Amino acid sequence: MPESTTSRPATPTHQSAAAAKPRETAPSREGSLVWLLRQIALPRRRRFTVTALATLGVCGSIVTPLIYGAITNVIVDGASGPEPMPWSRLWTLVGVQATLFVAIFVCNLSQGLLLTSAIARAVYGLRARVEAKIHRLPLRVLESGSRGELMSKITAHTDNATTVVGPILVSAPTSVLTVVVVTVLLFVVSPLLAAIALIAAPVSAVLAVLVARRARPHLVTQWTTTAVLTGHIEEELSARRMVSAYGAESITGRRFDELNDRLFGSVRSAQWASGTLAPLVTAVNSAVFVTLAVVGGIQVIHGDLSLGAAQAVILLSQQLSSGMRELAAFYPRIQSGSVSAGKVREVLETPEDDDHGTSMNGGDRPEAADIQAMAIDGAVGGVQTGRHHRPPEIDFDAVDFAYDPETPVLRGVSFTIGSGSTTAIVGSTGSGKTTLTRLLQAFYPTDGGRIRIDGTDIRTLGRDATRSAMAVVTQEPWLFTGTVRENIAYGAPPDAAEPAADVTGADARLERALVDGHVGQIIAALPDGLDTAVGHDADNLSAGERQLITVTRAMAAEPSILILDEATSAADPRTELLIQQALHRLRSRTTTLLITHRLATAARADQIVVLEDGQVVEVGTHADLLAADGLYARRCRADVVTDGAAVGSASGSGAASGPTG
């Protein structure tokens, strides 16, 4: 298993979902953009306010050319007519125009601020939903896909999809409104000039459709390649030591260059196709504008149109062409956003796992308080005996499982782990040992049979209730980015994870874990002690020291069930001894499932289960299995030949000598 984790009770963000039958999401026929707008629907009052302000701003902008025309006519008539200049009327029109400009500014500013804050809040909620969804997806989905593609959907696609919300909700509708109202006004002022101005509309529409068809395949390739490139970089950074050790920089470099070239080609093609639309529309509008100026001038000379009306027509035609250009510019953005919205939709509509847990208050799903009660009162955490709790009994009953239906991994696996005992699972690589631990943690549903904890099926308990009693230490120590304190307290209650200036003032469980985990010397050598920043790839801790911290993390959780998957295989002898001592303290009060290749380690367990080809071939103590002279005995003899008398000496000490990891 690639990581070390400690199970903890779920928080409201990480909602529970047991690994039972996937819950299907009802398919939707609506488009990705319609779906996106439904996901980030704005409050009705704010949506109405934004729409009203945007409409008022558009109407004001459309009226201003008419007032300009009226001002021009007043000036022309006053300068060339027999009557004196009507200064009061002129200043009134100028005052109205100035007031209108201020009102337009206030409306546009207000609707922009309201829309921006509302969209930001809605995007925040959408991103939180995507994050919560990740924790409800079946492990099968997360392990079968590309990590880079998933990361792109969560980050880049979410950001890109939401950039089209503003244009769709406000900019595009106001542009359409501008085009419609301006067209009506043009026909009122001069039907001939209106007909000339509208020549650009069908031409622009045809150009937009042609460009969109050409650009969309390149946009899809662009985002797909971006996801692959993200995954490649993430993989290269994670395996940087291995890349350097094998001198494979040229291989990864060629792969990067190939992806980068593909991304460059798709971006260039998409931008070229999308970028041609606005200039083409501008060229068409410019030709129409020149035609309007010539025809309008002729009408003014012949007296068919006043100078102010001609001026208003020119200004209105500019607004018409501006609206057309904005609509043309929106189209590529909306296409790109549609592609991203579809990717985000794939995540949110992926079938989840149902949590078939039974709530203590009679509901179908355990709530947080119920899970805590289960762990304390014995439904998961063990049987209560006085002030103490007896660790639970675990029963595997005819368990079948397969990742691929055509390739069974486990077939009819049955054995029982007694309360407070240690059971070692041994077997060759690929026999299904780690798969057993994944099924016990409810990462996957069984295809057949049952797994019971104290007689209760884990499907009845639910995923979170099952895991709340467990701690896991795997072969590869995994530290999250944060401080040592935060890593150790990861599996403890929230109050233990709070930073503290003095460790003696921290939660008692965390303090006991620090003592029992034998990490004092390691922490003392760190520059900032418990507050030293660490991570999975940090160089300030050795592999053995990281593993000891993961063991301490497990101790902080005070689990009733402990799962050890080759927990000491990568540690040096001294660190392994410290890990063994820490695990011995922890295993003395837990029911332990131990996965190991070391038969000397398995010999100290209370019970040994031998797996071969996904089936249980032998069950018993070390002495019983040696006496049976079966597969386990043959492997022990092979170990004696290769590693000396390690197994024999371990069998002499027996379980009483204390368990190892």
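Trainee: What's the strand order in the open sheet of 6 strands?

Mentor: The order goes S10-S13-S14-S7-S15-S16, and the pairing is mixed. Bear in mind that this is a predicted model.

Trainee: Which strands stand at the edges there?

Mentor: Those are S10 (470–473) and S16 (615–620). Each has a single partner strand, so one side of each has no neighbour in the sheet.

Trainee: And how many degrees are neighbouring strands turned against each other?

Mentor: On average 15 degrees, with direction ignored.

Trainee: What about S7 and S14, in what sense do they pair?

Mentor: They pair in the parallel sense, over 4 bridges. Ala-424 is the residue opposite Leu-594 of S14.

Trainee: Is S14 buried or exposed?

Mentor: Buried: 5 of the 5 residues of S14 fall in that class, so the strand is largely enclosed by the rest of the structure.

Trainee: Which way do its side chains point?

Mentor: Thr-591, Leu-593 and Ile-595 point one way from S14, while Thr-592 and Leu-594 point the other way, and all are buried. In a regular strand, side chains alternate between the two faces of the sheet.

Trainee: OK, helices. What does H15 lie across in that sheet?

Mentor: Helix H15 (residues 433–440) lies across S7 (422–427), S10, S13, S14 and S15 (607–612). H15 runs at about 150 degrees to S13.

Trainee: And which strands does H22 touch?

Mentor: H22 (residues 573–587) packs on the sheet and touches S7, S13 and S14. The direction of H22 also makes about 150 degrees with that of S13.

Trainee: Now the 4-strand sheet. What's the order there?

Mentor: That open sheet reads S6-S5-S8-S9, with antiparallel pairing. S6 (410–417) and S9 are the edge strands, and each of them pairs on one side only.

Trainee: Which strands of that sheet does H15 touch?

Mentor: H15 packs on this sheet by touching S5, S6 and S8. The angle between the direction of H15 and that of S5 is about 115 degrees.

Trainee: How many bridges join S5 to S8?

Mentor: There are 5, between S5 (residues 394–401) and S8 (residues 448–453), and the two run antiparallel. Ile-394 is opposite Ile-453 in S8, and Asp-395 has Arg-452 of S8 as its bridge partner.

Trainee: What does Arg-452 stand opposite in S9?

Mentor: Arg-452 is opposite Asp-457 there. S8 and S9 (residues 456–457) pair in the antiparallel sense over 2 bridges.

Trainee: Change of topic. At what angle do H1 and H7 pack?

Mentor: Helix H1 (residues 32–39) and helix H7 (residues 165–189) pack at about 90 degrees, with axes 10 Å apart. That makes H1 roughly perpendicular to H7.

Trainee: Which residues make the contact?

Mentor: Leu-33, Leu-36 and Leu-37 come from H1, and Val-165, Ile-168 and Leu-169 come from H7. By class, the contact of H1 with H7 has 6 nonpolar, no polar and no charged residues.

Trainee: What does Thr-483 touch?

Mentor: Not counting residues up to four places away in sequence, Thr-483 touches Leu-530, Asp-531, Thr-532, Ala-533 and Val-534.

Trainee: Last bit, the whole protein. How many helices and strands?

Mentor: The protein has 26 helices and 16 strands. Of its 661 residues, 46% are buried.

Conventions: Residues numbered from 1 in each chain as written. Predicted model: local features only at pLDDT ≥ 70, side-chain atom pairs only at ≥ 80, totals over all residues. Heavy atoms only, no water. Contact = heavy atoms within 4.5 Å. Pairing = 2+ DSSP bridges. Axes fitted to C-alpha atoms, helices over the stretch in contact; angles between N-to-C directions. Parallel < 35°, antiparallel > 145°, perpendicular 65-115°, else oblique. Nonpolar A, V, L, I, M, F, W, Y, C, P; charged D, E, K, R; others polar. Buried < 20%, exposed > 50% of the residue type's maximum accessible area, 1.4 Å probe, protein only.
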